[in-house]
Amino acid sequence: MKKTICQFIFFSLTLNLFCQAGDKTIKPVCKIHITTLGENGLRGLLLFTNDSSVIVYPGSRKQWNNGKKFNAVVFNSIRIKRITIKKNNRALKGMTIGTAVGALPMLAGSKDGDKSGLQELTQLTLPVGGLTGAMLGLTEQKSFYIDGSIILFREFKKNIK
Amino acid sequence: MKTIKLLIVFLFSAFQLVPAQEKKTDLRLNFLVSPRLDHFDAAPVSFQVQARLMQFFHKKKMYVIIARSSEDMASQIIAILEIRKAMIGNIWFDSHGHFTRRRSLFEIGNDEFNYKSIRDSCFTIHLKKLSLYCDTNTNAGIGSCYGGATYSLPAVEEFPEQRMNGDSLMIGLSEVLNNASVYGSESFVMTGPGILNASYAFSGNPGRKKFKDPVYEPVWKKLGEWNCYSGKEKKFTETVTVSLNQDGRISFKHKNYLEFEKNREKWVKKLSRLKRGNFNIATLYQEKNGPGPVGKSK
């Protein structure tokens, strides 16, 4: 009996915690630009996707961070022509990859005996690689053509995951 | 003795029942009303700087009122008018127009006046206090974009076609201000340099990409056009481009902004280049979930 009561209390407590966490952990997946079939543009933050629709926060990331409350917009796939997404922290990721590529001459030099020439080269390639990576990351965006089709929308949904 | 007492009481009560009437004086002052904001906004700041500069040269005629609300504005204006024993000659409400709210409006600090709230006697209680100092010779200018717009905005996605009702706003404001003449713009109102120089500084168009969308087509078509509602004649009259004189008087230009060939060429070019997708319809959804037409805007 004691065991059952303990189990009941444990489950009820954890269930409650999950509910609270669930409310707090809604985070925007990425920036989204929806082009409707009427060629109108909606820019916002993608919250999540259903089987046939996207749920968007109609504000900027700054407004989200400031706690500005807007009701989420539900956009059905039959109204969508094209979706363009920009993922989070892409500049940082790009910079990391670029810096890693820029550091390759140094790694190559560590195997050889003479390092002086390669070290000078690395001083140049490291910042250039980082900057190029950051620039490429900033401009990186993925576009999905939906044209009101549920099948194409499911393809997009797979890519989001 | 009893009769005399009764007569005194009757005269006293009759005196009490006399309605408040407008104060008749010859002196007329001009007021420029601008909002006091918590955050930096270039448009009102530009207006306030230029107005303050001109006030320096026209201290006896023009006053710049920077207010947080209509109550604040009314108390400031009434204090000046009582000291100077004057009436309002011209009053200009500098404000932003909010296209995404899909209605004509102007704001005094945090208070939004539109076709519905201008009819709400509780909401206009402070603005109404100015009616004692206004008459048919008073001119009031709505200095917000689309403040006197009479067209209907086209339907966008799930938002139906909607009339701006700027004419209703102008009639309402005229009634609140004791049948004053009210001026409102159909299109954009700019705040470039020289707005108090009787120039075309109020005319023109903003350069931002979001305005170059077919959603704004009715606004572009009416560029530089102003409406006037005469409270005396109770009718709308056509006016050409409105401007402000150095002492804050509302004046008119003889030529419309688009009658100049250079402006017309630019306008035709821009009108033909409107492209769908430049305007972010998310802003419409933001306002949809915000406060309704009646009440405070913030």
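Helices (H or I, at least four residues) and strands (E, at least two) are DSSP runs, numbered from the N terminus. By that rule chain A has six helices and six strands, and chain B has eight helices and 13 strands. This is a predicted model, in which local features need pLDDT of at least 70 and side-chain atom pairs count only at pLDDT 80 or more, while totals for chains, interfaces and linings use all residues. Residues are numbered from 1 along each chain as its sequence is written, chains are lettered from A and ligands numbered from 1 in the order in which they are written, and side-chain values use heavy atoms, with hydrogens and water left out.

**Chain A overall**

- The elements of chain A follow the order α-β-β-β-α-β-β-α-α-α-β-α from the N terminus on.
- Chain A has 161 residues, and 30% of them are buried; buried means under 20% relative accessible area, exposed means over 50%, and partly exposed lies in between (1.4 Å probe, protein chains only).
- Taking contacts in chain A between residues at least 6 apart in sequence, 58% join residues at least 24 apart, where contact means heavy atoms within 4.5 Å.

**Chain B overall**

- Chain B has 298 residues, of which 52% count as buried.
- In chain B, 74% of the contacts with a separation of 6 or more are between residues 24 or more positions apart.
- The accessible surface of chain B is about 14,600 Å², with 56% belonging to carbon and sulfur atoms.

**Interface of chains A and B**

- The size of an interface is often given as the accessible area lost when the parts come together.
- About 1,200 Å² is buried between chain A and chain B, and carbon and sulfur atoms give 45% of it; buried area is the accessible area (1.4 Å probe) that two parts lose on being put together, summed over both.
- Chain A brings 15 residues to the contact and chain B brings 13 residues.
- Ten residue pairs are in polar contact across the interface, both at pLDDT 80 or more. A polar contact is a pair of N or O atoms within 3.5 Å; within protein, one must be able to donate a hydrogen and the other to accept it, and residues adjacent in sequence count only if both atoms are side-chain atoms.
- On the side of chain A that touches chain B, the elements giving two or more residues are β2 (41-49) and β4 (73-76) of chain A. The largest share, three residues, comes from β2(A).
- That side of chain A consists of five nonpolar, seven polar and three charged residues. Ala, Val, Leu, Ile, Met, Phe, Trp, Tyr, Cys and Pro count as nonpolar, Asp, Glu, Lys and Arg as charged, and the others, Gly among them, as polar.
- Two salt bridges are counted between chain A and chain B; a salt bridge is a side-chain nitrogen of Lys or Arg within 4 Å of a carboxyl oxygen of Asp or Glu.
- R79(A) and E158(B) form a salt bridge through their side chains (3.4 Å, N to O).

**Helix α6 of chain A**

- K157(A) lies in helix α6 (residues 150-160) of chain A and is buried, at a relative accessible area of 15%.
- The side chain of K157(A) is in polar contact with the side chain of D51(A) at 3.2 Å.
- Leaving aside residues up to four places away in sequence, K157(A) touches T49(A), N50(A) and D51(A).
- E155(A) and K158(A) join their side chains in a salt bridge (4.0 Å, N to O). These residues, E155(A) and K158(A), are three apart in helix α6 of chain A, so about one helical turn separates them.
- E155(A) is partly exposed at 42% relative accessibility, whereas K158(A) is exposed at 63%.

**Salt bridges in chain B**

- Over all chains the structure holds 15 salt bridges.
- In the salt bridge of E175(B) with R119(B), the closest N and O atoms are 2.8 Å apart. E175(B) lies in helix α5 (residues 166-176) of chain B and R119(B) in the loop between β5 (111-114) and α4 (125-128) of chain B, so the pair ties together parts that are 56 residues apart in sequence.
- E175(B) is partly exposed at a relative accessible area of 38%, and R119(B) is partly exposed at 48%.
- R163(B) and D167(B) form a salt bridge with closest N and O atoms 2.9 Å apart; R163(B) is partly exposed at 33%, while D167(B) is buried at 15%.
- A network of salt bridges links R101(B), R103(B), E107(B) and E112(B).

Technical notes. Accessible areas come from the Shrake-Rupley method with a 1.4 Å probe; for residues, only the protein chains shown count as cover.
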